[in-house]
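Please open the model in a viewer and keep the selection panel at hand.

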Amino acid sequence: MNRIALYILSSLITLTICADTFAQPQLQRRLESLSPTDPIGYILLAEDVSGSAKDVGEILLARRLFVLAFVLAEKDPSQAEAAEFPIRASACLALADLETSEDRKRWLRALAGRIDRRYAGQRWDAADAPHQADESAFLLAEAVGLMLSGDGSLARERLDDPRVLALLEQTRDILDRPGNEASSAAILREAQIWPCPECGNARGVPDRSEGGQVRRLCSTCRGNPGPVISREALIAYLGYQSLLLHGTQKSWAAELAVGLGRPILDPEPSEIAPTMGVDPTKVYYRAGKWLDQSEFMASGAGQE
Amino acid sequence: MTHQGDPGETFLGISVDVDPFTLLGLPRRPLDDSEILQALGARMSAIANHPRGQTHEANEIRLAVHSAAARLLDPQLQKVLLNQAAVVRQSTLDDEIPQQDRAFPSAETGQSQSIPHPLSHDVLLVAAACGGWNSHAMRKLAMLAHARGIASSELPGVITEVLAGASAAPSVQSPAEENDEKGSQERVGSIRQPARSRNRSLGTRLIPWLTGSATLILLVLVWARLTGTQQQPPVAPDESNHASVSPEPSQTQAVQQQKKPVPIVPASMDARDAARVITDMAQKNTPLGESDLDTFRAAYRAVAANWISLEPDRRGALHNGLIELLYRNTTTPKTSLAIIHVINGTLANGIGSPDDYRSWIWSAGTLSRLSDERNYPTAIDSALISGLTNAFGTESPSGGQGFAEAASLALHVSAKSAAHSQPFDTFWTVWLQQLEAVLTPNSQAHSEAVLDAIESVLVEGPDPSQSKATYQAVDMLTSVLTLEPMGDVSVRLVGWFSDDRVSASDLSCVMRPLITRSKDKDIGNNLLPPQGMNQSERMVLRSELERVLLGKDSGTSKAVETWVDIADQQLALPPGSRPVEIVGRALLFSRLSAAANATLWGDTQSADSILGNLTDDIDRVIGSISSDQSAYLGGNSADEWALKYIDARQNIPIRQALLSDLTRGKRVLGPVAAELIVRDAFLGTPAAVRAQAREIVLLYADSPAILNAVLEYLPRIPKIKSSSELIEAVTYARLPSVENPKWSVRARQACVDELLRRISGVGEGQAVDLLVTMLQMSYEDRLSNTGSTARGPGNAVELTEYAKRLAEFWRQSASQVIEDINLLARMDELDRRHAGRKLLAKGSLDQFAVEQVMGVEAMALLVAAERPQLKQHVETITDELRVKRRTARTILDQILACEEAAVRLWKLRLRGDAS
């Protein structure tokens, strides 16, 4: 039985490799057949490439093809009108799907909406999340606060809610960054450690050296239950809570502290090629290279 | 007529058939006008106060009294009547005193008389009933005509007919002549009298004729005056103002006064005569009676309507008389207040006609003069202040101002209010006439007042290119000014070039007549603003005007060179990489833009001030950043006070004593102490300790440790109103009611955001926020010549608002200048791009950046439109900006790129070339 399974698996791998081997020349052919007078060809190929993309190189190729489709459709509106779909707006939305940065996604959707009002109807500009924090976001924010104050048992109560835990998982990228002392793992860990094992968050314990009549600060928590963290970590946790609660920052320093200092991209069609790092003049693909009109003519391919 | 007896007996206790002296209760001796008018007023008051004062009989007796007064007011008639009285006394007393015909002397004159119009008698009756010939009387007469089927158009004819009868009659006839001419015809009319015997005495025969003739003369005069008033545009009296200026006497009294017949001042009584009446009244050593007040009212109105014909000395005497009247009647406050009410009453009429306007200015100045006196009773003081407030509004004179000063101020106030729309066509003519009456023409004060008025019209009024009235007003006002080098007009004119409220078309409108009329050889048409003058051209022309008119180098070119040198130096410096350095550099460039703006508008002093302190404070802020941020919550965590408090446990007196310690001197609280205090503030027992702990929390509300403690205890505190109030106090936020399900979220949000602000605002964050406040001040400077005002506390939200206003200013300026179709298309693109950016902006930082880049791009369009030869350079700057923004790592880099581009654009704009 195992042998059969192994055989089937190896056959599948062989087929895949063969398909890839056969697909590469096919992709090559399709790329070389692209013509700047036909932006639809670019976008259709881009969709195929992005749909089957397995590595960064293919994603970059798909992005280039979408950008070229966008630029060529802009240059030749008659072609764009002849298509059964809005080429430029579709290219923007497809590019948004390829992006990982939320800011870039918003920018590309904004651009699509600006080019074609039908896409503006999808309310790219409206926040995906509601303006008011939902219950799970509030509970997660409370859990973070309770963890910081050393109220581990209360924090655990909230984190036991599967919705809260799922939200923590979804939003962990906000906290889990290189060099960031604050992390989602730390939240879960500290919630297990506290309350203070020595004083139970009473802050003070009887001083035995004085016969127990006098109290001294707890030697474990030093009277201040909760993890000892740096200013940057506290700002990170507060920023995280603020994002969960849809808070509004009151100063530039606070906005910069919670990571709201990212640049704003102009929702301009002319911005798409330079922002994506694509040279819009290089529209011909020959021998594994992208060529502009003069290079294409010089290569002799143009006289074929 | 239902009353069969003599109406005079009913109302006055005397017959109407007696001579005018008796009817008015006057002695038979030569009388002056004021005595007659006083007597008339007294009689009218008596009739008005009579229970049958509103009846038809009362109207008849009013007519008789008016008629008698009119006869006595005519000096010649009065003389005749005095002689006649002497004759009568000497003649046989057995002659029956004839029943006096009240109305129509022509019946007795023997002249051929046509049948009177059916309304002729009504004219007289209505005039009597309405206290004279006024709009009310006319309306009533029109109604009567309508009821009798007579067209309104016939009314003037009726009046003319009556008047013609009067004019046809000889003014004074000898008794012999009268005997000869006396006819036997009987009058046909409503008041038909039997023929009299031929052997009546001269006086008996003369009296009816004189009565009718005087009545008609009176009507002629009144008609002439009232029809003159009717031609003026009606002005709706401001009822609220009226109420405010006459708090006393009561409204009822005021209504009664309005109902009272106003004594008719003969039209022959000009302002001088009226002034004499008032000064005569002041010289009498007796308090004013009711009739005196009526006389005063009439005389005052006559003076106020034409006060400019009085010499300053006479005006002074008149004011002294008024003051004397007020002082003399202090024992009867009602009378004093009635005098002020008369003055205030003319203010309430507004400035809808030349007479009303003159009266308004006169009364405003008079009130100020009267209020300059001391020792009035409080009621009089209050009435004067009320009147002044009504006249001047917020610009009320502070006291100590004479009539001329106050009248000048009133003219200034009225000019401002008339700048929007003229109350009547000849407003500015009347304004200038009055100004010349209080200020010497061609004096500095006179010129200043006219220039102020012009400025009001230019700034407050419609644009002269859109409004003919504004254009004409400016033309009229400039006609009394002379433009000459070093003169007041020159100084003000150059100043208007630096005033953004004065538009290019305003300048063109005011300069054209001044330059055209100027006789100075240096002042020529080359100083006229070019068509569609833009701001750069305006700057150049201002420099030229300063040279020609003020004889000085404006220093603008030197200031521009200085600015360019400094800007070049700063642009060449490498940018920093830390956020605080980037914000500091953006602030520096913003200051350069502010200095450029001041230079453009000729404010080289401000420009120098900005350039002189360009970087000092920025360097200081950046250099003072503290690197020690370990105690970011403040204080020591192992605080001695905290240890004592923990040790106190349930010992209430010790805890209270420890809490009291904290109120004696503010200290830096550590996190442990803060948490102990906050715990007791929310959950402590007993209530006394809890209350004390709350006080400490409020005292230390700005402490990050306290706020952090509140955040830590938030999940456990009771949701009650006092808790919510305490959280509001430490977070500076408004929370919903504790019953609201959103309360918990909002409370946590408020605590988190405020704590984030406080903690991030230490060290470098504090420096960034400080620089943001300074950036806001710099934007305030940049808005100083844009017509926008920007004042407020320094914070990021305010800064965004300032950036928005500046962007709006640039956009508006550009849209006014741009004519090129390509630039117009780019303006549309700009708007669309701005809308898209706004939707992508999240916090205040993003919003500021969005408004800022909009402002810079709009400015670029403006510069390209102003200087088409520099279009290519402008595009280079905007292209570079686009690239820098696209490749920016953070929003701060984008902000810096925008400020830098703005400085480059200013350089092009100020220099006019790309060198």
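Begin with the largest nonpolar core, which has 194 residues; select Phe66(A), Ala69(A), Ile706(B) and Leu771(B), the residues with the most contacts inside this core. Such a core is a set of buried Ala, Val, Leu, Ile, Met, Phe, Trp, Tyr and Cys residues joined through C-beta atoms within 7 Å. A residue is buried if 20 or more other C-beta atoms lie within 10 Å of its own, exposed if 12 or fewer, and partly exposed in between, with C-beta atoms placed from the backbone. Helix α41 (residues 844-866) of chain B gives the most to this core, with 15 residues. Apart from it lies another core of 117 residues, including Ala68(B), Val342(B), Ala348(B) and Tyr376(B). In soluble globular proteins, nonpolar side chains tend to be buried together.

The model is predicted: local features need pLDDT of at least 70 and side-chain atom pairs count only at pLDDT 80 or more, while totals for chains, interfaces and linings use all residues. Residues are numbered from 1 along each chain as its sequence is written, and chains are lettered from A and ligands numbered from 1 in the order in which they are written.

Next, centre on Ile706(B). Leaving out residues up to four places away in sequence, Ile706(B) touches Leu669(B), Ala674(B), Val678(B), Val697(B), Tyr700(B), Ala701(B) and Val730(B). Contact here requires C-beta atoms, placed from the backbone, within 7 Å.

Now display the whole of chain B, which has 43 helices and zero strands. Helices (H or I, at least four residues) and strands (E, at least two) are DSSP runs, numbered from the N terminus. Of the 915 residues in chain B, 48% are buried.

Select helix α28 (residues 579-600) and helix α38 (residues 764-782) of chain B, whose axes lie 9 Å apart at an angle of about 10°. Axes are lines fitted to C-alpha atoms, for helices over the stretch in contact, and angles run from 0 to 180 degrees between N-to-C directions. α28(B) and α38(B) are therefore roughly parallel to each other; angles under 35 degrees count as roughly parallel, over 145 as roughly antiparallel, 65 to 115 as roughly perpendicular and the rest as oblique. Their crossing is left-handed, a term that applies if the near helix is turned anticlockwise from the far one by less than a right angle, with clockwise being right-handed. The residues of this contact divide into 13 nonpolar, five polar and four charged. Ala, Val, Leu, Ile, Met, Phe, Trp, Tyr, Cys and Pro count as nonpolar, Asp, Glu, Lys and Arg as charged, and the others, Gly among them, as polar.

Move to chain A and select helix α3 (residues 56-75) with helix α15 (residues 269-276), which pack at an angle of about 150° with axes 10 Å apart. α3(A) and α15(A) are therefore roughly antiparallel, and α3(A) passes α15(A) in a left-handed crossing. Here Arg63(A), Val67(A), Phe70(A), Val71(A) and Glu74(A) of α3(A) meet Pro269(A), Ile272(A), Ala273(A) and Met276(A) of α15(A). This contact comprises seven nonpolar, no polar and two charged residues.

Finally, show both chains: 54 residues of chain B are in contact with 53 residues of chain A. Helix α37 (residues 743-760) of chain B gives the most to the chain B side, with 11 residues. That side divides into 27 nonpolar, 13 polar and 14 charged residues.

Key:
Two residues are in contact if their C-beta atoms, placed from the backbone, lie within 7 Å.
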